[in-house]
Every structure is written in structure tokens, then in C-alpha cells.
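Visitor: Could you walk me through how to read the domains and sheets of a model like this one?
Guide: Gladly; let us look together.

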Amino acid sequence: MLTFQEIVLRLNHFWARQGCLLVTPYDVEKGAATFHPATCLRCLGPEPWRAAWIEPCRRCKDGRYGENPFRLQHYYQYQVVLKPCPPDPQQLYIASLQELGIDVRRHDLRFVHDDWEAPTQGASGLGWEVWLDGMEVTQFTYFQNMASMPCDPVTVEYTYGLERIAMFLQRTDSVFDLVWVEHDGERITYGDVHHRSEVEFSHYNFEIADVPSLRERFRMYAEECNRCLDADLPLPAYDHVIKCSHVFNLLDARGAISPAERAGLVGRVRALARRAGQSYLASREKLGFPLLREGAKASEGERNGG
Amino acid sequence: MADLLLEIGVEELPAGYVPGAIAQLAERARTGLAEARLEHGAVHATATPRRLVLAVADLPEAQPPLTEEVAGPPERVAFRDGEPTRAAEGFARKLGLDVAALEVRDTPRGRYVFATRTIPGRPVRELLPELLRAWILALRFPKSMRWPQSPANETFARPVRRLLALLGAEVLPLDVFGCQAGRCTEGHPILAGRRPIALERADYQAYRSLLRQHLVIVEREERRAAIRQAIEARLAEAGGRLEHETLLEEVCDLVEIPHVCEGRFDPRYLELPEAVVEAAMTDHQRYFPVRDGEGRLTARFLFVANQPEPADVVVEGNERVLRARLEDAAFYMREDLKLLMSQREDALAGIVFHERLGTLADKARRLVWLAEHLADQMGLEGHEHEAAVGAARLAKADLTTELVAEFPQLQGVIGGEYLRRQGFPEAVAQAVAEHYRPRFAGDDLPETAAGRCVALADKIDNLVAFFAAGLEPSASADPYALRRQGLGVVRMLIEGGIGIDLDRAVAEAVKALARHGGPIGQSASDTDPSTFDAVGLHARVRRFLEERMAGYLRDLGYRYDLVDAVLGAGGADTSFGDLQRRLEALTALADREGFADLVEVVDRCWRIVRGQQGADDASPDPERFEQPEERALYEALEAVREPFVAACERGAWEEAAELYRQRLAAPVHTFFEKVFVNAPDPAVRANRLALLRAVRSLFTERFADLSRVVEGKK
């Protein structure tokens, strides 16, 4: 049986062999790995990009005080982005499942229509949720737009639900029973690591988080984002886009957002994301798209060598 | 003669796109072949999630030659003294012909030069690649995508990775989406291992059996029949039958080789509302619920795997997923039931219904107001009346529950279940459960009178409120599904035989909105009444409902002009209750002799009075008549008025129409022969117009506006 951390290690090995950069999680709270600049910003523009990593994510509203065996307000995604998308991305994905010891011939693997949209990022893509014996284990998306701009070339994104895959592999019925690590017969479970934080953060997200100060923070982050953009600093600006989005999620968990207000706040974050994305793209262009040049050089070297 | 076989190898198509893609591909091929003047045998299209297939039998070697006639210059320009001029030579050269081949013919415009030329047909193998390319690129999907291997302007529903294009034994040089066509297909993506499998020739049956060997049933009908048979057999064993036809269609397009498996779950989850258990299976997991002979859910389910012989782990895995879903639902229900449905007012006040229309608490107050009014109009009494008003008060409470947040499509149904479990009266629970009906075309109406009352109140309030907020549907967008709700109102009035005065109901809804309408209501009553144009609003809602009514009646097969005529009848009676009976009578009359005469009576009056000044209801003054024909018509009109109205009120529509035609046709026609309506004296003229208006409006007010009849007129 693979432990939770062995699953991550195997995925790291597999994707490292595919030439992916193993980046670290981004140190700002976020709802999904798509917010990591290594996804959201790097998928813009012509430069090639291959990266893989584990990302902790927060969905404030999904907290259940640690009482529900399938729902968490903090969970992990394993994220892979490949730009440009390779010629057979499904086969590559299936190979990664085999790396986890999943005999795909014994299981029922399906690609079920699921088009993805992230309104705060101005992002959309077409793809599937991948089912393994009926369980959704991965979101597989061909990005079409990001920061309200078309993605060219298209990036493919695989977002593995690590807890779900681990539950599938370990055949447990509660996320808290997942074995995170096992050594000399001693086990540390997912519950040992995260149960208490699920309880505390559920209380915080639903009951304690201070609404007026969250609103104030939203305003401040949005303003700071614009200040950074005015100073031509897209990367710090983008940090504040992520912060706005997380504050929005907290306000939502507190039930403080009416449907009408929702559209307005989502629209503001989307506008900031678009500006930050445009500014980032302009800064890469100013630098002469360095990775594109490196890529071109490398393939030239290959040709010369061969 | 040679057969054509095309296979577009694609990553999993969305299941919902597949049937449309099959139909489009066959249609494009048929039209395209006809345009290319190609005779052909059977055209067949089919698909799996991973391939779109087109097979055309018996294509010829080449197009038949095309003979066409081209008109040239006039003879006088083309020939001088019998000799061809430069003009004639140029014309012949342009067509690649000799001058001697030109002919001169008489035409209505004079004598002209003509040439007949024959364009040789192109070889089919040369023609097909461009045709196939055009057909493929013309396929339309709800959403299409770009991917790096395909040129930017060649998009498709999902990436195309492989093409097979054979004409006979020959590979066609087809190049689209960055793929070069070959003679290879692939089997089941996992079980057959993505190896290319070569096909010798374009033989659909050979292709089909080759794929069968590689674990793909390419024929969609065959897959569907196999799934249906297996599912129906399993359901019948338990005593039930197949109820989910659209789910069957969907799962058919989720697999290449189906196998129906059975899973089980813990029977304690059957304590959840049935609709929740069912939705967890069908909507989330595409499973088929199994019911017993009494129609009760059992703790079993069927699913369709994409494998010929699924291992036990597949069943176990699916069982685990369903257990997780049901456990989630059970958790929400336990939490939800801790709070009484009647104690959710604060929560309702905290949820905005629409920014301009207040909160859900406001919505609930309007619903109570309108339900009380409608219950009175519908003549509900005692328990039924109480149930309707009680249900209106509680109808929206479930929108504050976790379970509805999880299963929004079960709003109302979950509310009804919770009310039952919390000991509220059954009549209230049922009315709440069914007050969103009819939810889609063909859905059942609410069964109980209280349910219909609340359902009507909910829909009428939505129409009035969203219209007041300026959120009427546009030609292309109807985000609040107001057309569907309007149609729901129409169906309840007609099919439910609810004889209410709709104008009064709409007026009450406007009142309720002014009192409990949130920002819009406040702006109306306190500050600026003009922002909330109650009269205009009323008229717009009325017109909108009439349009729905017209559409509904046309869909039932009634003639559109007769529908217009019946809806065009104005007057005291504003209920839709007897409308269908009037239309039925008019339709019967329209097939009979004498209908044209009837229409002519009204239409002749209308042709004169339309566009002339004067009020519709101004009565003619008998003192001002100058000719006996005026008086005769007036007297005939007054004599028929009473029996006509009485017949209408009895619902004896055909008798009423007969009376009108028999008594008024002759005097009207004599009037028009003898009387000059547009008399120089304005007072005389106005009086004559008033008489004709009165003749027309007697029929129009109560029965139908016959001046809108288009077919079968004189």
C-alpha cells in the first residue's frame, strides 16, 4: 500500500522524468493550484513551461468541523502544467496512474465531460473529470483562456485530487484514516496531521472571521494590487489578486455575500487578474521571452549534436 | 464503384455532443455528395466517445460530366455578314470552344449567341479529400477548442489525434487538425493498448468486426440496445422498469464496450428522501436506481462499465463512491432537521432573492399574499385554503438548507420531505413539494389544489417581479426562465381547468410587489411611483402570457391565425379558461361552409373603420340615420345581440356564430351596397362608422377577432 507521502513522491519522480520543474507550493492562501503563478501566469504567452508540484488549497466553505469523512476546508492538489500541450496528453496521464501502481486494465477509467471555468481568474478550459471506478480523481483541462486572454499555445493542466487518489489506493472510507506515513509499524494518519485544523478552521471560517475587517482587507488588497500595477510590478500585483480571492472565499463562508454583491466582487477580482496578466505578459515580452530563447537554443543544440 | 470509410479518432467527446455529431456528419455527407453530383449508396454515420465514423457505399470513379449552356453576345455583335466577329471569337475562346460550335437562338430579348460546353467530371479520389475536409470542419458543437497540434482555425469539440480515410483500398490524402489520414484505427484505449490496427479496405462491416475484436462496439445502436436489454432485465428481476431514458442515451456515449454491473449500498441510506438517493445516483454518478414491484427504491443500483468483464474491484469502487455521496447527504439532512422549517425566517431574510427585488423573506411574503388571493379566486375552502396559505409561507424555507445547496434541482421536494418529517400537515408538505411544477416541458402539473395555487402564485410573482425590475427575457436570453414559467401558468389554467381572472391576479401581484418587493417596492410606494409603472407592468405581463398562450395553442396544432383571432378577442372576460373551447369551436367552423361569409361580415366592417377616428365603444345614434339600410342593420344588430350573448355565455359557440352570420350578413352587405360611409357631413360619417364598429365588436368582444383570420377568406 502506498502511503500519502509516497503517492506524492512517485508523482514527483514521474513528472520529473518528463522534464517538469518541481516547483514548491506558493506561500499565499489560495483556493486551487491554478492560482499558483506557476500555473496562472506561466500559461500566458509563447514561452514553453513544464512544472509539477503539490499544492495546499483552501475552500473555506467546504469545512465540516472534521465531522464529514469526505469534505475538507484544506486539502491538497497535485498539479501538473505542460505548455505547449504534448501530442498525447491522455497517454501520459495514464502512465502517471500506472506509476502509482494502478492497474488501469483492472479498473474502469473514464474521461467524463467537464468544462472548467474560474470566473475570478477570467479563466476557462475544456476537458474532463477523470473517473476511476466512478470516483473523480483528476481534473484534466485544456486551457483556452486565462486572465481573460486566449492561451496560445494551449497549456494542459492535470489536477490530481490527492486525498481521493489516496482513498482509492488505500481503500478507506474516511479521509482522516489515510495513512500519511508508516515507519516501524507506527502510523501517522491524515487525521493526526489535519483533523484538529479542520475543526478550528471550520469554526474560524464560519463563525469567527471578522466580516468588516475582511471587507476592509479586500479593499486594501485590491488597492495594493493596483498600486503595484501602476509601478509595473506584475508579480507583487498578482499576489494581491490571490489574496483578494481568498478574502472573498472567507466572506462567502461567513455568508456575508449576497448574490448581487457576488457578481460585483468576482468582477473586481477578474479585472485585477486581467490587468496583472497583461502586465506580466508585457514584462516577459520586454525581457524577450527568455524561456522561448532557451528552448530554441536547446533544440538547436540537439540538432547540432545529432 | 468503391466504398468510403472515414474515422475521426478523437479524445473523449462530451456524451451530450455525440448524437448531434452523428446526425450532422450524415447530413453534411448527403448534402455534400448531392452538390458534387455524386451518385451513392447508403450513407451511414455512427460514433463512440472516441471516434466519429462515416461510411458511404458505392461511390463512382468520377463525377459525371457537367453540360452547361452559356449565353454570349447578341447575334448582331457576334456576326457581321455571316462572319464571326472578334466578340464571337473571344467568347468561344474563353470557353475553350471553336467558333463553329456557337449557335444562335431566339430569345425574348432578341437573337443571341449560345455555346454548350461540357466540363469533365473530376475523379472521386481527387475530389473526396477536400469534401471530407469541408464536412469535418463544418461540424458544430456547443463548445469547440484549440490545441497546439492543430492549426488555429481548425477547432473541434476535443483534440483529434487520428484519421482514417479509405476509398476502396486506397488511403485518401486528407489532412486536417494537423493529422494525416491513414488506414489505421485503434481499439479500446486501455484494454487494446492504443496500437494502430490497419484496415485493408473501406469495408464498414469488416471495420466493425475488427473493432469488435479489439473491444469496441462502434455501432451506437448496438451499444444502446445491449445496455437497454441488460438494464431492463435486471430492473425487471426486481419488479421495476426503466425510467431514465435520457440517462441511457448518455451512458451509451460514455462507453465503447458496455457491461452492466450491479452494486449495493447500506439500506439505512433509504431513510434519506427518495429523490435525494435517486439524484445522487443519476445526476452525480450516472447510475440507474432499482425499484421493487411497489415502486420503492431498493438498496441496489446499476451502472455501465467500459469493460467487457469488469473485476470485482470496479463494483467495490463504485459502491464506495455512492456511499460517500449518500453519507454526505445523510450528514446534511441530520444538520438541516435540527432547525424547524418554520424557524428559518431569519435565514430567508439573509438571502437576497434579487438585488432589486428584496430577500427570500420578501419573496415568501409576496407568495403568501398572492396565494391567499388565488385561493379565494379558485374557491378553495377550509383545509385546502389553509394548506395553500401555509404552504406559501413555508415554500421557500428549504432554500436555506444544506441539502438543497447540495441538490439544487430538488428544491421544493426536499422542503416537502422535511415538513413531513417535522410533522407539518401532509397537504402543506405536498403543496410545497410540488410548487415548482411544471419544471420542464411535459412535466406534470401539481396534483393538489393547494399545490396548484402556490405554483401559480410563485410563477405569477416571478413574472411580475422580474418584469418590474426590467429583467424581461430578450429574444436570445431568458436567464430567469420566465418563458418556461409563463408557459407553466398557461398550462395550469388550461390543462388544470383553473378558471381564475388572470388580470385580477396580476393586479394583486403588483400590489404585493409594492408592499414586499424590496428596493423596487420601496421605490414605488414611498419615493417615486413612476419607477414602478403598475399599469404598464400589468399590460406587459398580460401580453407576455398571451404570447405563451399563443405558442402553446399553436404547438397543439391549432391554426396560427385562428389562435390570433381568439386571443385578439377583448372584453370583460379575461380568464383563459374558456379560450381553448372558443378556439376549438372556431376551428370547427373554419372547416365548414359559410365560414368565409362569417369572416366577411366582420372584415368588411373592419376594412372601413380601421384607421378612422372614433372610439371602439361609441354607440350609433338611431336619430342620425338617413337611409333605411342603416336602420335595418342597426335593428338587426340589436335584435341578435341578446340571443348571441346568451349563446356565448352558455358556451354554445357554434350556435352563436351561426346566429351572427345568418342575421347580419345580408344587412351588412346591403348596407355596403347602398350606403356611402364616408359622407361629407362629419356627424353622419361618424355615426355610420360607429354602427359598423358596433357590428364588429359584438363578435370580437366575446368570441374572436375575425379580422385576424388569414386563410379561407373571400
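Guide: The C-alpha centres of domain 1 and domain 2 of chain A lie 23 Å apart; domain bounds come from an automatic or database domain assignment. This is a predicted model: local features need pLDDT of at least 70, side-chain atom pairs count only at pLDDT 80 or more, and totals for chains, interfaces and linings use all residues. Residues are numbered from 1 along each chain as its sequence is written, with chains lettered from A and ligands numbered from 1 in the order in which they are written.

Visitor: How many residues does the contact take from each of these domains of chain A?
Guide: Two residues are in contact if their C-beta atoms, placed from the backbone, lie within 7 Å. Here domain 1 of chain A gives 23 residues and domain 2 of chain A gives 22 residues.

Visitor: Which strands form the open sheet in chain B, and in what order?
Guide: Strands are DSSP runs (E, at least two residues), numbered from the N terminus, and two of them pair if DSSP finds at least two bridges between them. In chain B the order is 4-8-7, with antiparallel pairing.

Visitor: Why is one side of strand 4 and of strand 7 of chain B left without a neighbour in the sheet?
Guide: Strand 4 (66-74) and strand 7 (103-107) of chain B are at the edges, so each has a single partner strand. Strand 7 of chain B is joined to strand 8 (residues 110-119) of chain B by five bridges, and B:Thr107 is opposite B:Gly110 in strand 8 of chain B.

Notes
Helices (H or I, at least four residues) and strands (E, at least two) are DSSP runs, numbered from the N terminus.
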